[in-house]
Amino acid sequence: MRSSIVHVGFAFLAMGSWAAFANRAHPIPAPLLAGLIQGTLSALITLLLKRGIEHLASRFSGLAALLAPPAIAGFVSASLLTLIHTIGGTPEIARTIAVPLTVATSYAALYNLSLWRSRKAMNHGAE
């Protein structure tokens with residue numbers, strides 16, 4: 001639990017800071033609001049992404065189990081980030097979400113790869 005709190009806090013600070021930086025050319029409060037929105041969303045994504053990938057990975061088999069979970073997670077993340085930043089009035093949406101989305105999708109792909117390899121190894125061992 002303590003590790004999760006540290007990861008969530010780090011995601012909030014790191015990605016919230018990035019969003020404020022990405023919107024620095026706009027007058028206050030736009031950079032601060034973008035940072036607050038992105039920090040909150042990154043904290044939530046950090047909290048839910050691991051479990052989401054595990055759930056999705058269990059729903060697919062074969063090559064689809066390797067490709068679909070991170071693709072779905074990336075699509076859902078991109079959609080939610082874009083929608084919520086649009087509603088929040090973030091001026092530089094593409095710049096704001098580029099880094100957090102890249103980090104989250106990369107994590108999803110790497111974590112899913114490890115799950116896929118483990119499942120594949122277990123299935124070959126059972127034969």
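Mentor: Let us begin with confidence: pLDDT is the predictor's confidence in each residue, on a scale from 0 to 100. This is a predicted model, in which local features need pLDDT of at least 70 and side-chain atom pairs count only at pLDDT 80 or more, while totals for chains, interfaces and linings use all residues. Residues are numbered from 1 along each chain as its sequence is written, and side-chain values use heavy atoms, with hydrogens and water left out.

Trainee: Where in the chain is confidence lowest, and where is it highest?

Mentor: The lowest mean, 92, belongs to α1, and the highest, 97, to α3. For the chain the mean pLDDT is 94, with 96% of its residues at 70 or more.

Trainee: What makes a stretch a helix or a strand here?

Mentor: Both are DSSP runs numbered from the N terminus, a helix being H or I over at least four residues and a strand being E over at least two. By that rule the chain has four helices and zero strands, and from the N terminus on its elements run α-α-α-α.

Trainee: How do you know that the length of α2 agrees with its number of residues?

Mentor: The expected span of a helix is 1.5 Å times one less than its number of residues. The 28 residues of α2 should therefore span 40 Å, and its end C-alpha atoms are 38 Å apart, which agrees.

Trainee: Where is the kink in α2 centred?

Mentor: The bend at a residue is the angle between axes fitted to the seven residues ending there and the seven starting there, and in α2 there is a kink of about 40°, centred on Leu48.

Trainee: Why is the contact of Lys50 and Glu54 called a salt bridge?

Mentor: The term asks for a side-chain nitrogen of Lys or Arg within 4 Å of a carboxyl oxygen of Asp or Glu. The side chains of Lys50 and Glu54 meet at 2.9 Å, N to O, so they qualify under that rule, and the count comes to one salt bridge. Both residues lie in helix α2, four residues apart, about one turn of the helix.

Trainee: What makes a space a pocket, and what volume does the largest pocket have?

Mentor: On a 1 Å grid over the protein atoms alone, a pocket is an open set of points where a 1.4 Å probe fits, with protein on both sides within 12 Å along at least five of seven lines, and lining residues have an atom within 4 Å of a point. Grid points are joined across faces, edges and corners, and the volume is the space filled by probe spheres set on the points; for the largest pocket this is about 560 Å³. Its lining has 18 residues, with His7, Ile45, Thr46, Leu47 and Tyr107 nearest the centre.
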